[in-house]
Amino acid sequence: MGFVVTSLIFLVVGIIASLSTRICFNKGPSSNLFHLTLVLTSTICCWMMWAIVYLAQMNPLIVPILSDGE
């Protein structure tokens, strides 16, 4: 549930950032495409980083080794 909800939050933030970039920095077709590419790339990279960290905690590769005294 947490993964889906946070993924939707990233999607909404990406859409809002794309729209605000389109409205605030409207300087021409090539500039708009460049700004849109930067916003979408940064949103996807941030989501992927979060998703990798989140999913890595669900199934860790290194298992804690307990000593005999514990």
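Helices here are DSSP runs of H or I with at least four residues, numbered from the N terminus.

**Ground rules.** I'm looking at a predicted model, where local features need pLDDT of at least 70 and side-chain atom pairs count only at pLDDT 80 or more, while totals for chains, interfaces and linings use all residues. I count residues from 1 along each chain as its sequence is written, and side-chain values use heavy atoms, with hydrogens and water left out.

**Entry 1: S7.** I looked up S7 and found its place in helix α1. Is S7 buried or exposed? S7 has a relative accessible area of 18%, so it is buried. My cut-offs: buried is under 20% relative accessible area, exposed is over 50%, and partly exposed is in between, with a 1.4 Å probe and protein chains only. Next I checked contacts, meaning heavy atoms within 4.5 Å. Skipping neighbours within four places in sequence, S7 touches W47 and W50. I also took a distance: S7 and R22 sit 15 residues apart in sequence and 23 Å apart in space, C-alpha to C-alpha.

**Entry 2: α1 as a whole.** The expected span of a helix is 1.5 Å times one less than its number of residues. Besides S7, I noted G14, S18 and T21 as buried residues of α1. What do the buried residues of α1 pack against? They pack against α2.

**Entry 3: α2.** This helix covers residues 29-58, which is 30 residues. From first C-alpha to last I get 43 Å, close to the expected 44 Å. N32, V39, T43 and A51 are buried in α2, and the buried residues of this helix pack against α1 (2-24).

**Entry 4: N32.** I picked N32 in helix α2. Its relative accessible area is 12%, so N32 counts as buried. Which residues does N32 contact, leaving aside neighbours within four places in sequence? I found R22, F25, N26 and K27.

**Entry 5: the outside.** I23 belongs to helix α1. With a relative accessible area of 68%, I23 is exposed.

Definitions and conventions: Helix = DSSP H or I, 4+ residues; strand = E, 2+ residues; numbered from the N terminus.
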